[in-house]
Amino acid sequence: METMAVILEAPETLSLRSLALTPIGPGDILVEVAWSGISSGTEKLLWSGRMPTFPGMGYPLVPGYESVGRVVDAGADARSRIGEWVFVPGANCYTQARGLFGGTARRVILPAARAMPVDESLGESGILIALAATAHHAIVAGALPDLIVGHGILGRLIARIAIALGGQAPIVWETAAERRLGDFGYAVIDPSTDACKAYRTICDASGAGNILDTLIARLAKGGEIVLAGFYDKLSFTFPPAFMREARLRIAAEFTIDDLRATAELVDTGRLSLAGLISHVRPAAEAREAYPAAFGDPDCLKMVLDWRCE
């Protein structure tokens, strides 16, 4: 069995070609993908070649951990899943490329336990479940944030989830004027206009490597900074952090519990995923879509449509 897949052959070198799939095991399912998202964080590092080395890293690779589609076949132990509409958090099912994270393909094979049923009526917005789970994971381990840094898609989801979990509407910093426009249910401001220096919990969704000194200066004593982005290298000046007894927390990869909690927030209507996808392009245009996802300031979230492949 083969599939059409997006392949990063090397940094900034992308192709769309057929790959052979590994056989379906007894507990596996075959998903025909409808939409897959492009991550402007993790996948940008893979695209640029700046992703730190870790087990499984290397080219050529199939990226992606934000796909939704229908189960069209399954192994003997998972036949009951056929017909389900599911979220795919990646796959490692290719014989000629690494699956890192492996979800950006027309068909994928993965263990049935990893595919989570989602409401088909969400359409392409269903791919946001992973990013919403990332946002959920960043804030549930401590106090909900009263300041969020960055109003990209991750910052917006953190703000929405904080409110959905019963928190007060946070302040959001955003330097790009166009991303401050709109009625969001919380204040989005230019950080230069904010005089507050007593935030208890600051959640950084900017991914900026030089952000810590700025944030530490705005912390209350004993306050916490949550690092929700992915960073190459971070540093900070110690005395101001010492004086405030600042705490730093790193939010790593989402868990299955985060996926389930996020899906429940969506299903119960407490969390809306509407208005977050700005661009949808046919999968055949992946070569143009990836640079646009990373470099177009108007692109909040890019989604590939696989239904015509």
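Strands E16 (residues 279–282) and E17 (residues 302–305) run parallel and pair over 4 bridges; pairing here takes at least two DSSP bridges between the strands, and strands (E, at least two residues) and helices (H or I, at least four) are DSSP runs numbered from the N terminus. In this pair, Val280 sits opposite Val303 of E17. Together with helix H7, the two strands form a right-handed β-α-β unit, right-handed meaning that, with the strands pointing away from the viewer, the path from the first strand over the helix to the second runs clockwise.

All of this comes from a predicted model, in which local features need pLDDT of at least 70, side-chain atom pairs count only at pLDDT 80 or more, and totals for chains, interfaces and linings use all residues. Residues are numbered from 1 along each chain as its sequence is written, and side-chain values use heavy atoms, with hydrogens and water left out.

E17 also pairs with E3 (residues 28–38), this time antiparallel and through 4 bridges, with Ser36 facing Leu304. Side chains in a regular strand alternate between the two faces of the sheet. On E17, Met302 and Leu304 on one side and Val303 and Asp305 on the other are all buried (under 20% relative accessible area, 1.4 Å probe, protein chains only).

Leu304 turns up again in the largest nonpolar core, of 47 residues, as one of those with the most contacts inside it, along with Ile29, Val31, Val108 and Tyr290. Such a core joins buried Ala, Val, Leu, Ile, Met, Phe, Trp, Tyr and Cys residues through side-chain atoms within 4.5 Å. H7 (residues 286–295) gives the most to this core, 6 residues.

Definitions and conventions
Buried means under 20% relative accessible area, exposed over 50%, partly exposed in between (1.4 Å probe, protein chains only).
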